[in-house]
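Reader: I would like a close look at one part of this model. Pick a residue, say where it sits, and then go through the surroundings that stand out.

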Amino acid sequence: MSRPNMENQTAAWLDALTSAESKRHEAAALAIAKSPTYDAHIIAALKNIAHADAQKYARAAAKNALQKIAEAHFAAGNDIRAYLEQLRLQGDKPQAQTAPVVKPEMPSPVAPAVVAEMQTIEPAASVDLLTPLPVHAYTPAPSQSKPPAPAVPFDQWLLSERNIKLALYSGGLLLLLAGLIFVGINWAYLPGIAKLGVTLGVTAVLYVGGALLFRRPSLKIGGTALLAIASGFLPLNFVVTHLYLTQGSANGMWLVASVVCGAVYAATALWSRQNLFTVFTLFAIYSAAAAAMGMWIREFPTHPLGYALVTLLVLAASFAARQIARTQFAARTLRIGAHVAAPIVFLQALIAWGFAFINSYQRDWGWSALAAMLVIVILYAADAWRAKSLYARWGAAVTMGVLAVLTCTQLQLASIQTGIVLMILAAGYLVIGKFLQREKHWREGLPLYMVSALLAVLVTLQAAMAYVKTPEHLALALTGDVALLALATYLFRRAELLYAVAWLGIAPVFIAAQIYLHEMVWLGWVMGALMLAYAVTGFAIGRARLRWGGAFLSAAALLSVMTPALLYPNYFALTMGLLAIAILYACFALWLRWQWLLLAAFAALNLALVSGILNVFVAPLDIARALCVGLAALGVLLTVGGVECKRRGWLMWRAPLYVVAGIDLVLAYLLALVSGEWFVIGLAGIVGTTALAMQWVERAQLRLWKLPALLTGGGALLWLSGLYAVVVLFQIPREFGALAFALAGALYVAVGLWLRNGERAELFGTPLRVVGLATSGCALLAAAVFNVPPVVALTFAVGALTFGADGFVRKQIALLYVGGLFLLGVWAWLMRYFNVSEWQAYAIPLGMYGLLVGWSEMRAGRTRTFQLATLAGLIVLFGSAFYQSLSNWIYAVLLLAESALAFGYGLKTRSRMYVQAAVAALLLNGIAQFGPAFVQLERWLQVGAIGGILLLVGLVALFRRQKLLETRRALTSEWKAWKP
């Protein structure tokens, strides 16, 4: 039912249900029961009628309609089923109507989204299910997607056509199986003619019964099933005849059975126009062909030719059947059968050819297998031409390629001759594919293109397998590949194929040069010449069409990598080649205006520098030092060049100069690490100063890129590495080295304070401050590890001064806290220097520091940090005293005093944390001190004490219950009013 009709039907039902006539109620309810629709307004109206209608028949009809709705919409019908159950328990008596029934003004079905939402709502426990919902007027919801179709009832599913077919065919298969078993086991008890009579009778009964059922349209499914079963029994008659009556030639009986069965199957197919019997006919045809070849053709390699001819005839029959009205139903099945058999026959022919090829005395039989393959090729080609089948085109292309390969092998052609033939065939495939391709429909020519590529790959692989003996064959094969790709480039006008031409063209030249040139250097010069030729060609073509010239330029880029590898280890030739490559890349960068192409030019220049130094120096240390100086000089020159490009307005060219300069300077610094401390000191100064200078020169661009002042930070770190080299060079003790780094960090922080305003603060002040603070922290950690108390105390004092001064000037309380913590470190290292082993000498300052920080945070209004700092301080104070009190009662007195002070301070300042910590400490202290004594008491004393305490508590609670409650409420209210 369409949506407008459904809306009209719902409106009519609601109009009848909301009327005052019980007859109309009954009629509408009966109609709804036949087409149960889940609609909130209809359900509400039906509940009203089932609950309060005066007539019993109307109430019964409404209950029935509600039951049908709940069954059709099982998941959403829980509330309806519960409602009906309560009605049943109440009895069939009309009740007073509890809600008015309002006739809708513009009825329309509820939107599916609303129904889905209602289906997920469970009724609350307090809702009376007997109270029907009021029916209100509603407006149509916006049109949405169709609601999901109601679930098919089980009985409809069980009796569906699919299941009936499944049952019939399964039963038939079982009957056939039963028949075979009967033949194998119980057949011996009957004479031969009786056996044949039984099978003939069963077959005839099945055929007649199937024909009679098939003539009635309602029983057509059963008729088809019986005819199929009869068709399965038909060959059984010939089996019985051969085994128990004639006992003659098996192949002869097989042929007769196939011919007769095929005729019967064909007649059945023409009479019933069912393709199932067309499939049976195809099986019978191939069975007859197999029987005939088994009788008259003994050579296995010749069998595929017969099957191929039969398959070709089946395809021709499908073409003929399409022209006759009565047989058109079988045309598609015959064609499908031919296409199913064709690859199987082709594979059989391939196996037969392989069998004949392996046995040299039977090699002539291979021609019949090749003839069978040719028939399959003709089959695919005919179907591709007649039916415009893309699948057939694939089959024709593939089978023709295989046939060509096997034919060349059968003719025992040389590898070069085979390669030429297959390359010519591949080229023909390309041309034919382009002819068949319509406009840009690639899939029409794709089969031929793919097979063309596979043939080329096959020729190349064949030549590659014989590369060791005949490398020139691979060069020729690759040349053919290049020619094939060039033809494809011309046919399809695709620049991507030209890339393949240019790149693959390197391979035959390289192989030919290897054959005729025995020195690697000369091979490198040949590749260099080819690189230059590619570059010139790319430049000539690229001036008009850069996309096409890019193919040769990219190949030249590949050769620029190969040529230096071939010139190695002749460092002089390598240096010259790299310089030429650098100049070539620089020229093309300027021509194409691709500034990043300069990276390749500078990479070649750097490699030329390396090879030139290797040509002059031999000792590793000398090489490292020369490279260090050379890379540093090149880095500085490139940096200056970048600055000059900026000054002249050539802004796009300075970025690659800076990138390579940075890499060169970093590499020079790394080489300086193995060249000696003086090199490290010099490179650290040069690179660090250059970094800070570039931070200032390129400040606008760096700010535009939103990059932090990384250059300043890097330069500062490099200066620190120079300081480390000074420490190592002059053999300064490591603890004083840590002190030196702490002083350097203090100097950085001082400079950061000096440059804390304006643009210089962003560029230099902030990064120097960050590096300085980090350096101070690392220096303090190193000093602590070196463990020389006086120097460590002095280092911590420098760190405390650094962090404290920076925090005081910048008004950052966190740095002041860190400075105070370092002052505690000074105190701790001094205590250690004077051999003070008392824990409280360390714990009391640290705990008081935590309480002091907490007090400061409380004044600042930061409750969370106040709690953390105060808790840490109290844990240090109370914890250390508690731990020591376990072995000495003096510390228990100390813990008692500290707890009392904390408790008093907490009461005075109304702080919950101090009071809680003090109470917890007092309890722990009491348990630790008096617990062992209590455990050592007599058992009766322990029990009496526990009982007395419990009794005392009970009495107090008994007589002062109300007072205790009031006191607890008052204390709780006051406690919550205190500070944390």
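Author: Helices here are DSSP runs of H or I with at least four residues, numbered from the N terminus. This is a predicted model, where local features need pLDDT of at least 70, side-chain atom pairs count only at pLDDT 80 or more, and totals for chains, interfaces and linings use all residues. Residues are numbered from 1 along each chain as its sequence is written, and side-chain values use heavy atoms, with hydrogens and water left out.

Take Asp-664. Its place is in helix 27 (residues 654-672). Asp-664 is buried, meaning under 20% relative accessible area, while exposed means over 50% and partly exposed lies in between (1.4 Å probe, protein chains only). Lys and Arg count as positive, Asp and Glu as negative; His and the chain ends are not counted.

What does Asp-664 touch, not counting residues up to four places away in sequence? Contact means heavy atoms within 4.5 Å. The partners are Asn-606, Leu-631, Leu-634, Gly-635 and Leu-638.

Now the loops. Arg-593 is found between helix 24 and helix 25 (598-616). Its phi is near 55 degrees, a positive value in a residue other than glycine. Most residues other than glycine have a negative phi, and most peptide bonds are trans. Arg-593 is exposed, at 52% relative accessibility. The peptide bond from Tyr-568 to Pro-569 is cis, with omega near 10 degrees. Pro-569 is in the loop between helix 23 (546-567) and helix 24 (571-592).

Key:
Helix = DSSP H or I, 4+ residues; strand = E, 2+ residues; numbered from the N terminus. Salt bridge = Lys/Arg side-chain N within 4 Å of Asp/Glu carboxyl O.
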